[in-house]
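Student: I would like to learn how to read a protein model. Could we go through one together, question by question?

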Amino acid sequence: MASRAKRFFEQLLFYRSAAIGLAIILVLVGISVYAIFAIPYDEAVRLWRAGEQHWLNNPRNALPSWVNIFSSKKLPETIILDTSEPRPGVSKAIVPVLGRFSQIRIEFSFDYQYDDFPSELNLFFKSRFNASAPQLTVHWAKPNGEEYVLNTMIISREDKYYISNDDRLARELRGLISAKVNRTIEYDAPVTLLLFAEEDASILNPSTAKVMKGTYRLWIEGMAFETNVDVDARLIVYGKVYGWAGTDHLRRDIGIALLWGTPIALSFGVVASVSIALIQMFIGAISAWFLGRVDTVLQRLTEVFMVLPFLPVVIMISTFYKINIWILLLVVIGLTAFGSGVKNYRAMFLQIKEFPYVEAARAYGAGSFRIIVRYLIPKVLPTIIPSMVLSVPDFVFLEAALAILGLGDPLAPTWGKIIDDAFTYGALYKGLYYWVLEPSVLLAITSLSFAMLGFALDKIFNPRLKEA
Amino acid sequence: MGGYVDEIVKGEVYLSISQRVRQNPAYRHLNETQVRELIDALYANELKRIGFDKPFIYRSFAYLKDAITLSLGRALWISSASGSKSVYIIITERLPNTVLLFTTTQLLLFFIGLFVGLFLSRRYGSVADRLAVMLAPLSSLPGWFYGIFLILIFASYLRLLPYGGMVDVPPPTDSLSYALSVLKHMTLPVLSWLVAYSFINIYVRRTFFLMFSSEDYVELAKAKGLPESVIQRRYVLRPTLPPIITDFSLSLIASWMGAIITERVFNWPGIGSLLYSASVMFDTPVLVGLVVIYAYLLAVTVFTLEIVYAILDPRIRMGGA
């Protein structure tokens, strides 16, 4: 009685793992469908390949926004202020003077209540003028009223001022602030820190420097020697968090690749494992049914393919042709079609071939093809379903592995691609763990769900395992 | 016979000879027909030297002899750390590194799987057993993948172990600290494979032993009252040895081919990374050299196994045909 209850419990457990696995797979399928409809493939590839210009409004290497929920230290979000999109805190005035000059004044003010310094600070200009380019001076005011002149420049029609990359400004600010606190700032303090930090003894050490919270102002004053002038400016205070997935070294939204990686990984894994299993089974059936010369040829071919090192051959093909992921899928199927599975299936079919019902089929005059497709294969099919499900992760990881070797699809955004980028650009050295962890966790979840389902199916379809 | 590869080789030979002749100032005074005649004569000579005047089947035996004697020729682009272009030297320079890492790993995996599997099969249904069954799906993730996590934890976060490579830079001079440094660099890759593959190994072995311990002769031995250890050794372990030995020897052989991705993730200078660079640079001699050695090792092992089976399991010998 107790043992029966125990067995029942065990079976329930098996089914539960299958249920969890299945539920995860369904969620992943749902995400895939969403990805396909929300961002069409061409759009995803375009976004992913767009380069840094397209993503200029995003911070570089930003953490996902939800880390702020779990941390007491609030990381800054990106603040974008643009005079072409008026809103409180943005003002622009261009006044003609004496009918010959124009006076320009642009002012941005924003509230900064985060606990960490922004990652970058950039100013972009778009201007319209005939002959005389406007000359502008950029000012900065901290919440406590301290004012600094950042730069004076003559701008072209499309111009930019990377405030946080201005080394001259950094040196100047260091000098000014050192004078104020009566001690020298010894380290190479970046502009973002100098512009946002409290100006007391804490600024002398990068680990103690505190953000001065409050309303910051940046204003631009200028002059142009003509009246037909218009200047638009955009101030971007780059934060340290972005979106639900963060950004990579090219400011791209990793979320796009995470989303699109799902359908690619699923279809790659499932198509490869199902078609390879079916093709191997078919070859095994033919080999076992016809025997003789057909068998010899197929078996020798299988042995040749078994000795060929799979990965190096795939590497050679993909280096040589720079193939996309779907051709790669075909190559993988082609190279594994004559795998060791053929031998196993052949052994199974050799037994089944002698079963009376096959003999009966032969007796009523069924052709070879009919017997293979209608009598032999259906007998074996249920037993291979578990191994089919279990081998899905292998191919999901194969795609990731090829991406890590730098041989994946050159265009498609995939999970493996993110891991590769993260690895190449030193995410682990720099401590940008989210960059590696997000795609890895997705890969792990996908594989584990298929593995859990597969193991449970294995016990259901092959009861010998359960009894043991 | 010989196919398109022959044409490629002939083309390369012709190209290099005609370049050599045309660039040689000693032949400046010759006119075009004389130059062509000279090239053709040298080309015929060269073909004879590399054996291309003989039919393919003769050459095959020559290639076979080269392969067996491990005269693997010269690499096209890759050279060994010592600067040699000989494929044999390139391979043997990398081989110890790979054997050190992956053969150690395979040995550990094998013995962990064997002993823990045997142990669990005796305690079927216990907490440890259930745990092993539950953890088996973890092996659906490959070793290099756990490697990334381990680097993240132990190298990047805790800063206990190195990110990769095989030895500190600069390498320690005395052999003891050199060995310690290598050991330190080996820890993470070995650990990543252990995490990835020991649970499935344990699971497979355990299930396997369970199946065999329900055989009639085991029941009989139990009924006779033989001690548990004797039953384990003589009645369960011995008849299950042939498939276990097969597994073991095949994975040992496969281990020397290294693991391309694990070696890349851990920056380990072994056969795997050699395979990778050879494939990317299309260095055919190196690739062919590696595959040929692997194929021969495989053939020898499979042949030896046939004999070992008969020694291990008397039933196989008695079965005769």
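Student: Which backbone nitrogen lies 3.2 Å from a polar atom of the side chain of Ser139(B)?

Tutor: Before we start, this is a predicted model, where local features need pLDDT of at least 70 and side-chain atom pairs count only at pLDDT 80 or more, while totals for chains, interfaces and linings use all residues. Residues are numbered from 1 along each chain as its sequence is written, chains are lettered from A and ligands numbered from 1 in the order in which they are written, and side-chain values use heavy atoms, leaving out hydrogens and water. Now look at Ser139(B), in the loop between α5 (127-135) and α6 (143-157) of chain B; helices (H or I, at least four residues) and strands (E, at least two) are DSSP runs, numbered from the N terminus. The backbone nitrogen 3.2 Å from a polar atom of its side chain belongs to Ile200(B).

Student: Is Ser139(B) buried or exposed?

Tutor: Buried means under 20% relative accessible area, exposed over 50%, and partly exposed in between (1.4 Å probe, protein chains only). Leaving aside neighbours within four places in sequence, Ser139(B) is in contact with Ala196(B), Tyr197(B), Phe199(B) and Ile200(B), where contact means heavy atoms within 4.5 Å. The relative accessible area of Ser139(B) is 14%, so this residue is buried.

Student: Which residue does Asp82(A) meet in a salt bridge?

Tutor: A salt bridge is a side-chain nitrogen of Lys or Arg within 4 Å of a carboxyl oxygen of Asp or Glu. With 3.7 Å from N to O, the partner is Arg234(A).

Student: Why does that pair tie together separate parts of chain A?

Tutor: Look at where each partner sits. Asp82(A) is in strand β1 (residues 79-82) and Arg234(A) in strand β9 (residues 230-238), so the bridge ties together parts whose separation in sequence is 152 residues.

Student: Where in chain A do Glu199(A) and Lys142(A) lie?

Tutor: Their side chains meet in a salt bridge of 2.8 Å, N to O. Glu199(A) is buried at 17% relative accessibility, and Lys142(A) is buried at 2%. Glu199(A) lies in the loop between α5 (191-196) and β8 (214-224), and Lys142(A) in the loop between β5 (135-141) and β6 (147-154).

Student: Which helices hold Asp295(A) and Arg346(A)?

Tutor: These two form a salt bridge, with the closest N and O atoms 2.8 Å apart. Asp295(A) is buried, at 8% relative accessible area. The partners are 51 residues apart, Asp295(A) in helix α7 (residues 292-307) and Arg346(A) in helix α10 (residues 340-352) of chain A.

Student: How many salt bridges are there over all chains?

Tutor: Some share partners, and in this way Arg105(A), Glu107(A), Glu147(A), Arg217(A) and Glu221(A) join into one network. Over all chains, the count of salt bridges comes to 28.

Student: Which strands are at the edges of the open sheet in chain A?

Tutor: Five strands form this sheet in the order β2-β3-β8-β5-β6, with antiparallel pairing; two strands pair if DSSP finds at least two bridges between them. Eight bridges join β2(A) to β3(A), residues 101-112. An edge strand pairs on one side only, and here those are β2 (90-97) and β6.

Student: Which residue does a cis peptide bond join to Val169(B)?

Tutor: Omega of this bond is about -10°.

Student: What is phi of Arg159(B), a residue that is not a glycine?

Tutor: Arg159(B) lies in the loop between α6 and α7 of chain B. At 55% relative accessibility, Arg159(B) counts as exposed. Its phi is positive, at about 55°.

Note on methods
A polar contact is a pair of N or O atoms within 3.5 Å; within protein, one must be able to donate a hydrogen and the other to accept it, and residues adjacent in sequence count only if both atoms are side-chain atoms.
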